[in-house]
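Open the structure in your viewer and get ready to select a few things in turn. Each stop of this tour tells you what to pick next and what you will find there.

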Amino acid sequence: MIKTDHVLDAKGLACPMPIVKTKKTMKDLEAGVVLEIQATDKGSKADIKAWADKVGHQYLGTVEEGEVLKHYLRKASDSETESEKNHPNIISNDELADKLSDDNITIVDVREPAEYAFSHVPNAVSLPLGEMEDRMSELTSDKQIYVICRTGTRSDLAAQKLADSGYDVINVVPGMSEWTGPTTSSL
Amino acid sequence: MDLKQTQASEVASKVINKQDLFILDVRNEEAYGDWKIEGESITSMNVPYFDLIDGVEDLLPELPKDKEILVVCAKEGSSIFVGEELVEAGVENVSYLSGGMKAWSEYLEPVKVGDLPGGALYQFVRIGKGCLSYMIESNGEAAVVDASRMIENYTTFTENKGLTIKATMDTHLHADHISGGKALADQVNGTYYLPEEDAGEVTFPFTALKENNKMVIGEVTIEPIYSPGHTIGSTSLMINDAYLLTGDILFVESIGRPDLAGKAEDWVLDLRTTLYNRYKEMAGELTVLPAHFSKVAELGDTGVVSAKLEELYEKNDGLNVEEEAEFRRMVTENLPPQPNAYQEIRETNMGKITPNEETRREMEIGPNRCAVN
């Protein structure tokens, strides 16, 4: 089970309806949230991906459960790639890749659970930005924390929150969008 | 005006008769790039339906005013959706392809190749996928060669003509389409022939298609000729010393590829021997009938794909490579992508897996890609 904010039931609908409904649903969602689209039309997978790539939404992946295809989309948000990073301590993807076997660090993936589920750095723990304030206490303060997201923006906000609470935290830039090191999925 | 419906058979007849048709293909760009309806008289344009959900206004100036417009998608739902938008916007002469590219992929056009004693030879042109199958009929008996999965095409044909199918045969274990040979033979209580060398992993009973084991259909003799290269078992069929069914070894504009079973290096020499020795010794006036075509331009005036053997030795590049090393490069390097789901298709044809109808269709989507160029 992948946790999502919104679910669209397009089961039993033939093409073009799964995309017509997805488009309508996405329009009313806030930027950055994840939509799970349940469909039975096999062609919906290639089409949803092609459509999302074209309009700029993030296609996370598809899980097949019996006859049902569950597609995961994250609504585009312009601010992610453009905004400046404020947290001063940063590290590059490559530098983090060299530290993966270091027991004295914690890698915290602050993307949405669905993004994390399809692909993340091995050993990274999932703690979505939106839940950071409530769940911050789950992190031990005796280890250095590396926060990672897709492009470095959400992790910048997370890093600021963590630093304000006294954690030793470093932002990974740019993050998963250009990550070439090992990954794992938790599907 | 209402949105009209066009059948795959009508599109096939336009392609064969070179009648103008404008196609608006609303599938995604990747699907269109991979495979589309083609023909000398066909113009097509790709705009995915998901770009047209909010309206077709931007598209209108790009559509021809004086041509029939056919909207095409994968199945038909999206083409109806876009077609209705066009009709509403006042566009005339719009129809959608009934059953979409699935129906196009599955449509077979039977065309007569020529007469045989007591009957005739027919080619079944699977125009959307580039596959060719054959029926030999004589004195009420028939044999089907390289049958497609849609076996009702052959049974309808034989019922109309009052024929009984005695045998079905595959020239090799196919990797690009699911064979209907076994299913058709079972349905009509006929014999299914397959080359033994290709059948090592086949899980059902069959009769070996073997050189020197001639078969007789009415007054017509079918003579198997061992001609390996595309697969180790590839066997050609000589029909009454007049027609040579070459399977996937020799096509009109190209030659077969040896790599679809993962044995390119091993089979290159077999392919060369077949093409440069075995076939070369045969009579030049034989009519070559392949199991595939790659371009619609290969279809003759009546839709038949064929050529004289001597003509091919003049014009087909694959038969005119003097150096063996150069030949090896040609058939093992820079090959086109392998056909969609070719491993699963081979396993289905061996009886190792039995996917459902929907999955079989999906597996066959796309071009055949059995030739080297």
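**Stop 1**

Select Leu73(A) and show its surroundings: leaving out residues up to four places away in sequence, Leu73(A) touches Met26(A), Val34(A), Leu35(A), Ile37(A), Ile48(A), Ala52(A), His57(A), Gln58(A), Tyr59(A) and Leu60(A). Keep in mind as you look that this is a predicted model.

Leu73(A) belongs to the largest nonpolar core, which has 119 residues. Together with Val71(B), Val72(B), Tyr134(B), Ile136(B), Ala143(B) and Val144(B), Leu73(A) is one of the residues that touch the most other members of that core. Another core, of 21 residues, lies apart from it; to find this one, select Tyr146(A), Ala158(A), Val172(A) and Met176(A), which are among its members.

**Stop 1: chain A as a whole**

Of its 187 residues, 38% count as buried. Look at contacts between residues at least 6 apart in sequence, too: in chain A, 68% of them join residues at least 24 apart.

**Stop 2: where the chains meet**

**Stop 3: two domains in chain B**

Colour residues 4-103 of chain B as domain 1 and residues 110-364 as domain 2. Their C-alpha centres lie 32 Å apart. Where they touch, 7 residues of domain 1 are in contact with 6 residues of domain 2. Helix α1 (residues 8-16) of chain B provides the largest share of the domain 1 side, 3 residues. That side holds 3 nonpolar, 1 polar and 3 charged residues.

**Stop 4: an open sheet**

Finish with the 6 strands of chain B that form an open sheet, in the order β13-β14-β15-β16-β17-β18, with mixed pairing. β13 (215-217) and β18 (307-308) stand at the edges with a single partner strand each, so one side of each has no neighbour in the sheet. Zoom in on β17 (residues 287-290) of chain B: 2 bridges join this strand to β18(B), and the two run antiparallel. Here Val288(B) stands opposite Ala307(B).

Definitions and conventions. Residues numbered from 1 in each chain as written. Chains lettered and ligands numbered in written order. Predicted model: local features only at pLDDT ≥ 70, side-chain atom pairs only at ≥ 80, totals over all residues. Pairing = 2+ DSSP bridges. Helix = DSSP H or I, 4+ residues; strand = E, 2+ residues; numbered from the N terminus. Domains from an automatic or database assignment. Contact = placed C-beta atoms within 7 Å. Nonpolar A, V, L, I, M, F, W, Y, C, P; charged D, E, K, R; others polar. Core = buried A, V, L, I, M, F, W, Y, C linked by C-beta atoms within 7 Å. Buried ≥ 20, exposed ≤ 12 C-beta atoms within 10 Å, placed from the backbone.
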